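The exercises below are to be worked with the sequence and the predicted model at hand. Each task is followed by a solution in steps.

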Amino acid sequence: MSKRKNAKETIRPSKRPNPGGPKAAQRRAAEERELAGQRHAAQQASHYLRGAAIEPRPINGRETVADLIDNAFLAYNAARLREACGLFTEKMLEPDVTVGMTLTGALTPAGLGMAALIPLIESGFVDWIISTGANLYHDTHFGLGLSMHRGNAQESDVVLRDEGVVRIYDIFFDYDVLLSTDAFFRKIIQSPEFQRPLSSGEFHHLCGKYVRERERALGLRRKSLLAAAYEHAVPIYTPSAGDSSIGMNVAALALEGNRCTIDPNLDVNETASIVLAAKRNGGKSAVLICGGGSPKNFMLQTEPQIQEVLGIDEKGHDYFLQITDARPDTGGLSGATPAEAVSWGKIDPDRLPDAVVCYLDSTVALPLLTAYAHARHAKRALKRLYDRRQEMMDLLRREFARAGHEPVSAEESDATLPMHR
């Protein structure tokens with residue numbers, strides 16, 4: 001007979017009630033403890049129960065936003081937002097971290113440029129941005145002194161059309177707002193400094209300069225994200241320059257011989273250089289993703305561009321924070337998780353614990369995150385990345401040359417699949 005004990009004989013009986021064990025005995029034990037006035041022994045709890053007990057203070061109306069988040073956002077997506085606030089303020093806002101932000105969805109028409117994005121820039125909490133062109137176009141309305149209004153999403157769109165009113169869900173504005181903004185962009189794009197190929201970062205920097213001058217002429221302040229980014233040297237890129245009214249006006253002027261073009265090659269390399277410079281200068285790279293879509297991919301593809309395409313040794317972004325209402329199971333990039341991004345080389349696998357996804361509307365989460373960050377973290381020194389574009393591109397070129405001007409083989413890369421997500 002074997003000296004090995006039967007497997008069942010080696011299992012030690014648990015000191016804790018096991019839901020899979022005999023129910024009658026467990027019930028009697030619980031009743032005996034209750035009759036004896038014995039308290040549940042917390043030290044016997046599973047290690048899975050080591051999280052803080054859910055025991056919030058009553059909400060009395062005197063709480064700050066940050067206090068409310070810390071005290072009452074304890075479960076479900078509220079807890080994910082609390083975790084996001086903690087990740088942002090405790091790790092992403094360290095001095096050596098370069099924070100890139102993406103903007104998808106109609107955020108600036110809802111006033112979030114003025115309410116959240118400009119304050120984040122001014123406090124040094126956002127160092128560079130990738131946005132849809134539409135957000136930048138609608139942002140410009142405010143810098144030109146044009147107004148957008150709260151409305152009722154149930155109104156008849158036929159009637160609104162007859163009234164000359166344009167609707168973005170429950171935001172209404174006069175059709176002339178579009179015409180006036182188009183006229184502004186067509187005027188400035190004909191300036192001599194625009195008559196060449198530009199990255200979208202340089203293009204938006206120049207636009208921001210003119211929007212800032214219009215703000216000054218109108219006596220306005222802190223209305224336009226483009227103007228604030230110009231002042232604080234925060235580069236703003238867009239992954240599809242033609243997919244907005246700004247790009248449409250650039251295209252229209254091209255029919256008249258205007259030489260302004262937005263070169264996507266410059267964008268791909270400039271954005272990659274920002275991430276590489278952050279790492280090579282002894283720092284880290286963080287991404288704050290509002291929504292998903294093309295800006296999310298354009299932000300995350302910086303690492304596969306560095307690793308897979310340029311053949312430069314790198315591991316991925318260090319911190320990942322996404323606010324999205326997209327589901328991961330539909331297969332779209334907007335809902336893709338940070339764990340999935342690891343397989344593409346976009347996120348450093350060793351930093352996966354420093355990744356949070358909040359399944360929330362950005363118009364809800366972003367104001368709360370902004371308020372929390374200002375309450376819990378001091379302002380950071382501005383990195384002024386736009387002013388360092390040449391320096392960062394020189395670094396990228398040197399590392400590419402050192403890598404032999406050839407993409408790294410799939411076996412040697414962290415990103416082993418073709419880059420299309």
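**Exercise 1. The six-stranded sheet**

An open sheet is built from six strands in the order β7-β2-β1-β9-β10-β11, with parallel pairing. Task: state which strands stand at the edges and what that leaves on one side of each.

Solution. 
- Step 1. β7 (236–237) and β11 (355–359) each have a single partner strand, so they stand at the edges and one side of each lacks a neighbour in the sheet.
- Step 2. Within the sheet, β1 (residues 97–103) pairs with β9 (residues 284–290) over seven bridges, in the parallel sense.

**Exercise 2. The antiparallel sheet**

Task: give the strand order of the open sheet of three strands, and find which residue of β5 R150 stands opposite.

Solution. 
- Step 1. The order is β3-β5-β4, and the pairing is antiparallel.
- Step 2. β3 and β4 (165–168) have a single partner strand each, so they are the edges, and one side of each is without a neighbour in the sheet.
- Step 3. Two bridges join β3 to β5 (residues 171–174) in the antiparallel sense.
- Step 4. R150 stands opposite I171 in β5.
- Step 5. Helix α8 lies across β4 and β5, at about 65° to β5.

**Exercise 3. Two helix pairs**

Task: describe how α6 packs on α8, and how α3 crosses α16. Two packed helices are described by the angle between their axes and the distance between the axes.

Solution. 
- Step 1. α6 (residues 133–143) and α8 (residues 175–189) pack at about 95°, with axes 10 Å apart.
- Step 2. Angles of 65 to 115 degrees count as roughly perpendicular, and α6 and α8 are therefore roughly perpendicular to each other.
- Step 3. On α6 the contact is made by Y137, H138, T140 and H141, and on α8 by V177, L178, T181, D182, F184 and F185.
- Step 4. Sorted by class, the contact of α6 with α8 has five nonpolar, four polar and one charged residues.
- Step 5. The axes of α3 (residues 65–72) and α16 come within 8 Å and cross at roughly 105°, which makes α3 roughly perpendicular to α16.
- Step 6. V65, A66, D67, I69 and D70 of α3 meet L368, A371, Y372, A375 and R376 of α16.
- Step 7. The contact of α3 with α16 has seven nonpolar, no polar and three charged residues.

**Exercise 4. The largest pocket**

Task: give the volume of the largest pocket, and say which residues lie nearest its centre.

Solution. 
- Step 1. The volume of the largest pocket is about 480 Å³.
- Step 2. Its lining has 26 residues, and A106, L107, A110, D361 and T363 are those nearest the centre.
- Step 3. The elements giving two or more residues to this lining are β3 (149–150), β10 (319–324) and α16 (362–376).
- Step 4. By class, the lining of the largest pocket divides into 12 nonpolar, 10 polar and four charged residues.

Methods. Residues numbered from 1 in each chain as written. Predicted model: local features only at pLDDT ≥ 70, side-chain atom pairs only at ≥ 80, totals over all residues. Heavy atoms only, no water. 1 Å grid on protein atoms, 1.4 Å probe; cavity = no way out; pocket = protein on both sides within 12 Å on 5 of 7 lines; lining within 4 Å. Points joined across faces, edges and corners; volume = space filled by probe spheres on them. Helix = DSSP H or I, 4+ residues; strand = E, 2+ residues; numbered from the N terminus. Nonpolar A, V, L, I, M, F, W, Y, C, P; charged D, E, K, R; others polar. Pairing = 2+ DSSP bridges. Axes fitted to C-alpha atoms, helices over the stretch in contact; angles between N-to-C directions. Parallel < 35°, antiparallel > 145°, perpendicular 65-115°, else oblique. Contact = heavy atoms within 4.5 Å.
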